[in-house]
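Good morning, and thank you for making time for this presentation. I would ask you to look at the sequence and the structure together as I speak.

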Amino acid sequence: MATRQEVFDYIINNYAASPVYTFKKFPHYATFKTPSGKWFAPVMNVPQNKLGLTGTAEIDVKVDPELASILRQNPGYLPAYHMNKEHWLTVVLNDQTDRQTLNQLIDDSYNLVN
């Protein structure tokens, strides 16, 4: 399982990136940016009914389109909520989320946008 706080801790500890709260209307939506200012990990609390799932915390990560296609066949991996659906993937943070896989996806996302 991976929690929102664990995601924040991983990114802060590995990338020295602090969450930026860009959306005044959605104060719990945070984005993490590379030093050049590119988003690599938006973390949101999208209402579950908008995703057709249970759970409220999600993270978007940039992925290779082929990997995205494979991962979307598994529960908890969806086309990105606010991003390009071919190149971004939403990962639902719940008890089925594998922390190691998620950390690798965060690393890959950082490298792809950098």
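Let me begin with a definition: a residue is called buried under 20% relative accessible area, exposed over 50%, and partly exposed in between, with a 1.4 Å probe and protein chains only. This is a predicted model, in which local features need pLDDT of at least 70 and side-chain atom pairs count only at pLDDT 80 or more, while totals for chains, interfaces and linings use all residues. Residues are numbered from 1 along each chain as its sequence is written, and side-chain values use heavy atoms, with hydrogens and water left out.

With that definition in hand, please find Pro65. Pro65 is partly exposed, with a relative accessible area of 27%, and it belongs to helix H3. As to naming, helices (H or I, at least four residues) and strands (E, at least two) are DSSP runs, numbered from the N terminus. Contact here means heavy atoms within 4.5 Å. If neighbours within four places in sequence are left aside, Pro65 is in contact with Glu86 and His87. Lys24 lies 41 residues from Pro65 along the chain, and the C-alpha atoms of the two are separated by 31 Å.

Helix H3 also holds Glu66. At 63% relative accessibility, Glu66 is counted as exposed. Between Glu66 and Met1 there are 65 residues of separation in sequence and 25 Å in space, C-alpha to C-alpha.

I turn now to the sheet. Two strands pair if DSSP finds at least two bridges between them. In what order do the 4 strands of the open sheet stand? The order is S1-S2-S4-S3, and the pairing is antiparallel. Strand S1 (43-44) and strand S3 (77-79) are at the edges with a single partner strand each, so one side of each has no neighbour in the sheet.

Let us go through the pairs. S1 and S2 are antiparallel and pair over 2 bridges; in this pair, Val43 stands opposite Ile59 of S2. Helix H4 packs on the sheet and touches S2, S3 and S4. The direction of H4 makes about 45° with that of S2, where axes are lines fitted to C-alpha atoms, for helices over the stretch in contact, and angles run from 0 to 180 degrees between N-to-C directions. S2 and S4 run antiparallel and are joined by 5 bridges, and Asp60 has Thr90 in S4 as its bridge partner. S3 and S4, also antiparallel, are joined by 3 bridges, with Tyr77 opposite Val91 of S4.

Is strand S4 mostly covered or mostly uncovered? S4 is mostly covered, as 5 of its 5 residues are buried. In a regular strand the side chains alternate between the two faces of the sheet. In S4 both faces are covered: Trp88, Thr90 and Val92 are buried on one side, and Leu89 and Val91 are buried on the other.

Next, the interior. A nonpolar core is a set of buried Ala, Val, Leu, Ile, Met, Phe, Trp, Tyr and Cys residues joined through side-chain atoms within 4.5 Å. The largest such core has 29 residues, of which Ile11, Phe40, Ile59 and Ile106 touch the most other members. Two or more residues of this core come from each of helix H1 (4-15), strand S2 (58-62), helix H3 (65-71), strand S4 (88-92) and helix H4 (99-113).

How many salt bridges does a search of the whole structure find? The search finds 1 salt bridge, defined as a side-chain nitrogen of Lys or Arg within 4 Å of a carboxyl oxygen of Asp or Glu. Its partners are the side chains of Glu6 and Arg99, at 3.2 Å, N to O. Because Glu6 lies in helix H1 and Arg99 in helix H4, the pair ties together parts that are 93 residues apart in sequence. Glu6 is partly exposed at a relative accessible area of 28%, and Arg99 is likewise partly exposed at 39%.

Finally, consider the loop between H1 and S1, where Thr31 is found. Thr31 is buried, with a relative accessible area of 1%. Beyond its neighbours within four places in sequence, Thr31 is in contact with several residues, including Ser18, Pro19, Val20 and Trp39. The side chains of Thr31 and Thr22 are joined by a polar contact of 3.4 Å. A polar contact is a pair of N or O atoms within 3.5 Å; within protein, one must be able to donate a hydrogen and the other to accept it, and residues adjacent in sequence count only if both atoms are side-chain atoms.
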